[in-house]
Amino acid sequence: MDLLNTLVDKGLRRELPTREEALAVLATSDDDLLDVVAAAGKVRRHWFGRRVKLNYLVNLKSGLCPEDCSYCSQRLGSTAGILKYTWLKPDEASQAAAAGLAGGAKRVCLVASGRGPTDRDVDRVSETIKAIKEQNEEVEVCACLGLLSDGQAERLREAGADAYNHNLNTSEGTYADITTTHTYADRVDTVQKAHAAGLSACSGLIAGMGESDEDLVDVVFALRELDPDSVPVNFLIPFEGTPLAKEWHLTPQRCLRILAMVRFVCPDVEVRIAGGREVHLRTMQPLALHLANSIFLGDYLTSEGQAGKADLEMIADAGFEVEGADRVTLPEHRAAGGGCGSHESAGCGSHESAGCGSHEGGGVCGSAAAAPTGEPRTDLVAVRRRGAGTDLAPNA
């Protein structure tokens, strides 16, 4: 297929596809799906080999959020039966993180519900970061605390944070359809603050609310302009008790096409399969490893994930290997701070429930026709009842 040959060539050169090419990936037929995966897999292997980076979420503060993001189980007005608790103490958070690190995680994502941190919140998260790094010097720590005020990103960096996550979630044109308590511009501003402070920026999207292909391409191209080091791709987890509980628009095939499109647009960026992979990719998860080079291990913020042992077996059975702490995730030109194209004519990227986002698995509101509806799998949506905020051992 000429389209795929062109996209592979562009991906190996870090050259931006056209919007028409990105849309064409999403429009491919099921008959061509394996060809799409194989093509995007060439780009993934060129930049990341067969390594899979493992990340582990720690929900520092769960529920009772004042924001009204439609997709989120922690939102204002949510009646989802999730765990609700206030801030974990630094030693509790460090203990929770240790379970994920023991399972092979390289990065710990510290997430807290809410609009954004107070200065006191930044202090307590800084103490948590120090506690984790005292026990695990080489671990990467990503904070995801919502909208940042001036100076807060710098303070997190000084405390030892390596990265900051704040997802765009959807395109600027449709953002007001999913959230009214803050704006798309607020989210962009926070990503830019993190980047300016020297933190590795992490920002991604959420798919699965019936959005149009144009909406998905819009947000991925906007992410590229922001130039993050990692792009988490979340798939809506339709929690009962949220406005999107009845939204089931994803099939495993559509999820794979979305991941392939993200890889072609962002060839040398850490693409992470985040919230909802178990719900929507299901038995097709191993194929997704040919597209993304990063996943979350075990449970998410408020929902249960696949057993950590099953994650590790899946990676090995698919012929991939867990990325060790001694390996640098990003290609040399990005790891050295060279960026990835938003500052030149070539490149890719865009600077956390799920990524490492404070709201895992949500969706976007597109005005165009929805994708074919997937069969609802409500049996796969399970509220987290173990790990952080409980007395039960975590899933890692």
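Predicted model: local features only at pLDDT ≥ 70, side-chain atom pairs only at ≥ 80, totals over all residues.
**Exercise 1: helix length**

Work out what span the residue count of helix α9 (residues 252-265) should give, and check it against the ends of the helix.

*Solution.* Start with the count: α9 has 14 residues. The expected span is 1.5 Å times one less than the number of residues, so α9 should span 20 Å. Now look at the end C-alpha atoms of α9, which sit 20 Å apart, so the two values agree. While you're there, look at how covered the helix is: 13 of its 14 residues are buried.

**Exercise 2: buried or exposed?**

Take the salt bridges Arg51 with Glu323 and Asp150 with Lys193, and classify each residue using under 20% for buried and over 50% for exposed.

*Solution.* Begin with Arg51 and Glu323, whose side chains meet at 2.5 Å, N to O. Arg51 is in strand β1 and Glu323 in the loop between β10 (321-322) and α13 (332-335), 272 residues apart. Arg51 has a relative accessible area of 9%, so put it down as buried. Glu323 comes in at 3%, so that one is buried too.

Then take Asp150 and Lys193, at 3.4 Å, N to O. Here the aspartate is in the loop between β3 (140-144) and α6 (152-159), the lysine is in helix α7 (residues 184-196), and 43 residues separate them. Asp150 shows 68%, so it is exposed. Lys193 has 18%, so it is buried.

For context, the structure holds 24 salt bridges. Some join up: Lys53, Arg107, Glu140, Glu270 and Arg272 are linked in a network.

**Exercise 3: the largest cavity**

Describe the largest cavity by its volume, its lining and the strand that gives the most to that lining.

*Solution.* The volume is about 110 Å³. Of the 14 lining residues, Tyr56, Leu57, Tyr300, Arg384 and Ala388 are the closest to the centre. Sort the lining by class and you get 8 nonpolar, 3 polar and 3 charged residues. Strand β1 (residues 51-61) gives the most, with 4 residues.

Note on methods. Residues numbered from 1 in each chain as written. Heavy atoms only, no water. 1 Å grid on protein atoms, 1.4 Å probe; cavity = no way out; pocket = protein on both sides within 12 Å on 5 of 7 lines; lining within 4 Å. Points joined across faces, edges and corners; volume = space filled by probe spheres on them. Helix = DSSP H or I, 4+ residues; strand = E, 2+ residues; numbered from the N terminus. Nonpolar A, V, L, I, M, F, W, Y, C, P; charged D, E, K, R; others polar. Buried < 20%, exposed > 50% of the residue type's maximum accessible area, 1.4 Å probe, protein only. Salt bridge = Lys/Arg side-chain N within 4 Å of Asp/Glu carboxyl O.
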